[in-house]
Amino acid sequence: MAAPAGYSRVQIALHWLTAVGVLVAWFTHDAMEDIAKAAWEAGQEPFPTVHSVAGISVFFLVVIRLVLRARRGAPDPEAEGAMRTAAIWGHRALYLLLLGVPLGGFLTWIVGFHDLGEVHGLAGQALLLLALGHAVVALWHHYGLKDGTLRRMMRPE
């Protein structure tokens, strides 16, 4: 299948909803820890919280994104050489963390594998740092290189 020149409206909407979900989960993670500790001390399960709903939403949004990407495709990176390789592996790492962090949260807080909590937290921090790096690179492409990369995620094909 030939790669499309741009993203569809649905792909763009899912991208930005995922970004919002990651930010909501990040900004509510401290509250989740406090709620979880209080619930466990009371013999209850800490669910649902804004943090857990955001995490579950991110997981399912990314699953939908991947299914849509497999069916419709996605534009190839416009970069060449090492920058192209970095773009491909950066996106792979983002997708891995976008699925792995919510799954780790689910296993920690819902299934009860509480020992995974620290790994979940560290992976969440890695996800946020990688997502911020992703945003910085997108802005660099837009304002520095002026190559249209960011516009592809803002204007549907």
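**Close-up 1. Helices α1 and α3.** The axes of α1 and α3 come within 9 Å and cross at roughly 155°; axes here are lines fitted to C-alpha atoms, for helices over the stretch in contact, and angles run from 0 to 180 degrees between N-to-C directions. Helices (H or I, at least four residues) are DSSP runs, numbered from the N terminus. α1 and α3 are therefore roughly antiparallel to each other; angles under 35 degrees count as roughly parallel, over 145 as roughly antiparallel, 65 to 115 as roughly perpendicular and the rest as oblique. The crossing of α1 past α3 is left-handed, a word used if the near helix is turned anticlockwise from the far one by less than a right angle. On the α1 side, the residues that meet α3 include Leu14, His15, Leu17 and Val22, and their partners in α3 include Val58, Leu61, Val62 and Leu68. Contact means heavy atoms within 4.5 Å. Sorted by class, this contact of α1 with α3 has 13 nonpolar, five polar and three charged residues; Ala, Val, Leu, Ile, Met, Phe, Trp, Tyr, Cys and Pro count as nonpolar, Asp, Glu, Lys and Arg as charged, and the others, Gly among them, as polar.

A friendly note on the model: it is predicted, local features need pLDDT of at least 70, side-chain atom pairs count only at pLDDT 80 or more, and totals for chains, interfaces and linings use all residues. Residues are numbered from 1 along each chain as its sequence is written, and side-chain values use heavy atoms, with hydrogens and water left out.

**Close-up 2. Helices α3 and α4.** Here α3 (residues 50-72) packs against α4 (residues 81-111) at an angle of about 140°, with the axes 8 Å apart. That angle makes α3 oblique to α4. α3 passes α4 in a left-handed crossing. From α3 come Gly55, Val58, Phe59, Val62, Val63, Arg65, Leu66 and Arg69, and from α4 come Tyr95, Leu98, Leu99 and Pro102. The contact of α3 with α4 holds nine nonpolar, one polar and two charged residues.

**Close-up 3. Helices α1 and α5.** The axes of α1 and α5 lie 11 Å apart, and the helices pack at about 135°. This makes α1 oblique to α5, and the crossing of α1 and α5 is left-handed. Look for His15, Val22, Leu23 and Trp26 in α1, which meet Gln125, Leu127, Leu128 and His134 in α5. The contact of α1 with α5 divides into five nonpolar, three polar and no charged residues.

**Close-up 4. The largest pocket.** About 1300 Å³ of space lies in the largest pocket. A pocket is, on a 1 Å grid over the protein atoms alone, an open set of points where a 1.4 Å probe fits, with protein on both sides within 12 Å along at least five of seven lines; lining residues have an atom within 4 Å of a point. A volume is the space filled by probe spheres set on the points. Of the 44 lining residues, His15, His91, Leu94, His134 and Ala138 lie nearest the centre of the largest pocket. α1 (9-27), α3, α4 and α5 (117-145) each give two or more residues to this lining, and α5 provides the largest share, 12 residues. The lining of the largest pocket comprises 28 nonpolar, 10 polar and six charged residues.

**Close-up 5. The second largest pocket.** This pocket has a volume of about 590 Å³. Its lining has 31 residues, with His29, His51, Trp109, His120 and Gly121 nearest the centre. α5 again gives the most to the lining, with nine residues.
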